[in-house]
Amino acid sequence: MRVLITGATGLIGQGVLHETLADAGVARVALLSRRTSGRDEPRLRELIVPGLDALEAVEDALAPFDACFHCAGALPLGTPEAQYRHVTLDLTLHVAQTFARLNPQGRFLYISGAHANARSRIMPLRVKGETEAALQALPIRTVMLRPGGVQPVHGERSPHAAMRPLYAITGPLMGIGVRLTPGLMTSTAAIGRALLALARMSDPPAIVENAAINQFLARAPEDG
């Protein structure tokens, strides 16, 4: 399997990259990002761009891929609506449209969020819901993952300095939350395993809620 990952320097993206590289069935991994991941691995190629709206310079390297794991996004708290909408909807759709054009047989797997709903009164949930709807209208198979709280389990660090102390304090406790409330919390490992399994499924579900994401953690990556 050949996988393209966006947002690999983010908290979830770091975990997804870890799980993807740990999967012997993945032959090639490319990272589409504004900065390097710092990883050195023979199967890995980094495609550095000024932004996800400036893909022209790397288009020749955006195919062929079997799946795109889109982990890029903006903080839902503290981000102005216009900026949040641009990152969450506009940039995601631009990447997905480009991927679909270059990989018409591929599938696009999007890290959305719990309770995403285009009719929600809560701005981040509404924009996530609108993004899901736009992706579902594309001419390729798309899958939406809706994680709730996410525990970092492989030493992943938030790229946002203000969030790091919070994860340092709550990270170990979040593991208890994953076990006790699997419908509300998950982990970076579970998300990575879910993406890999869903990318291999012949007929994956269109939407995968938090509890279903956790079910993939017990499966070996090759089980799909």
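Two strands count as paired if DSSP finds at least two bridges between them, and the strands (E, at least two residues) and helices (H or I, at least four residues) are themselves DSSP runs, numbered from the N terminus. This is a predicted model, in which local features need pLDDT of at least 70 and side-chain atom pairs count only at pLDDT 80 or more, while totals for chains, interfaces and linings use all residues. Residues are numbered from 1 along each chain as its sequence is written, and side-chain values use heavy atoms, with hydrogens and water left out.

Seven strands, paired in parallel, make up an open sheet whose order is β3-β2-β1-β4-β5-β6-β9. Because β3 (44-48) and β9 (207-209) stand at the edges with a single partner strand each, one side of each has no neighbour in the sheet. Within the sheet, β1 (residues 2-6) runs parallel to β2 (residues 28-33) and is joined to it by five bridges, with V3 standing opposite V29 in β2. Helix α5 (residues 188-200) packs on the sheet and touches β4, β5 (107-111), β6 (141-146) and β9, where contact means heavy atoms within 4.5 Å.

The loop between β4 (67-70) and α2 (81-102) holds L75, and T79 lies in the loop between β4 and α2 as well. L75 is partly exposed, with a relative accessible area of 29%, whereas T79 is buried at 14%; buried means under 20%, exposed over 50% and partly exposed in between, using a 1.4 Å probe and protein chains only. The side chain of T79 reaches the backbone oxygen of L75 at 2.6 Å. Leaving aside neighbours within four places in sequence, T79 is in contact with A74, Y84 and M123.

How values were computed:
Axes are lines fitted to C-alpha atoms, for helices over the stretch in contact, and angles run from 0 to 180 degrees between N-to-C directions. A polar contact is a pair of N or O atoms within 3.5 Å; within protein, one must be able to donate a hydrogen and the other to accept it, and residues adjacent in sequence count only if both atoms are side-chain atoms.
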